[in-house]
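Look at the chain below with its confidence in mind.

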Amino acid sequence: MDDAYNKYARDDDEDLPEWFLEDERKFMRPPPVYDEKDLAEANERLAAVDTRSIKKVAEAKFRKKKRAEAKMSQARKRASTIMEQDDVPDVSKVREIEKIYAKAKSAARGKRREIKHVVARKFHKGNAGGPSVDKRMLSDARGQKRAALKAKGGVRKGGRGGRGGRGGRGGGNKGGGGGRGRKGF
């Protein structure tokens with residue numbers, strides 16, 4: 001009996017505009033009730049869609065793999081030319097070939113050099129040795145570096161950052177510290 005009385009049960013549809021009635025028919029419905037079996041089936045379908053690789057990602061991976069293969073084939077060619085040299089001792093050849101392959105592998109991996117960021121302030125005109133960033137970006141970078149150190153176990157609590165002296169607020173003759181100094185300043 002109580003289930004029959006709800007916000008969807010009403011009988012006052014006359015004298016209402018047609019657009020309103022159409023909207024009501026579309027949206028004023030009780031939510032559908034699903035059992036756990038239906039939900040599990042829907043989740044499985046979603047998981048199947050999610051596991052498929054995206055076309056753009058697959059293309060990018062293929063390009064990366066192709067570039068790596070090209071670098072390695074170049075390295076092989078250079079290594080074969082080095083091996084054909086008769087006037088160079090074998091130890092030097094081996095060292096040179098190892099160097100070539102290491103360079104090709106690092107190029108294939110796509111290792112990038114670290115970029116130095118410059119904090120954007122009034123006195124930094126243009127690009128002063130790296131891309132200009134704001135304080136927020138610098139703080140985020142600092143936090144990431146600290147998190148990486150913490151993961152390794154290399155962060156120790158700092159204290160006053162290397163500055164000596166007593167604690168407290170204020171400094172010098174401005175009257176900010178504790179004690180019975182001059183009044184006013």
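Start at Trp19, which is exposed at 62% relative accessibility. The classes rest on relative accessible area: buried is under 20%, exposed is over 50%, and partly exposed lies in between (1.4 Å probe, protein chains only).

A word on the basis. This is a predicted model, in which local features need pLDDT of at least 70 and side-chain atom pairs count only at pLDDT 80 or more, while totals for chains, interfaces and linings use all residues. Residues are numbered from 1 along each chain as its sequence is written, and side-chain values use heavy atoms, with hydrogens and water left out.

Trp19 sits in helix H1 (residues 18-27). Helices (H or I, at least four residues) and strands (E, at least two) are DSSP runs, numbered from the N terminus. Phe20 is partly exposed, at 30% relative accessibility.

How many aromatic pairs are there? The count is one aromatic pair. Trp19 and Phe20 form an edge-to-face pair, because their ring centres are 5.9 Å apart and their planes stand at 90°. Rings of Phe, Tyr and Trp (its six-membered ring) pair if their centres lie within 6.5 Å; planes under 30 degrees apart are stacked, over 60 edge-to-face, and the rest tilted.

Now the charges. Side chains of opposite charge can pair when their charged atoms come close. The structure has three salt bridges, each a side-chain nitrogen of Lys or Arg within 4 Å of a carboxyl oxygen of Asp or Glu.

One joins Arg25 to Glu18, at 3.2 Å from N to O. Arg25 is exposed, at 51% relative accessibility.

Another links Asp90 and Lys93, at 3.9 Å from N to O. Both residues lie in helix H4 (residues 90-109), three residues apart, about one turn of the helix.

Asp140 is partly exposed at 37% relative accessibility; Arg136 is exposed at 51%.

Finally, confidence. The mean pLDDT (the predictor's confidence in each residue, from 0 to 100) of the chain is 78, and 70% of its residues reach 70 or more.
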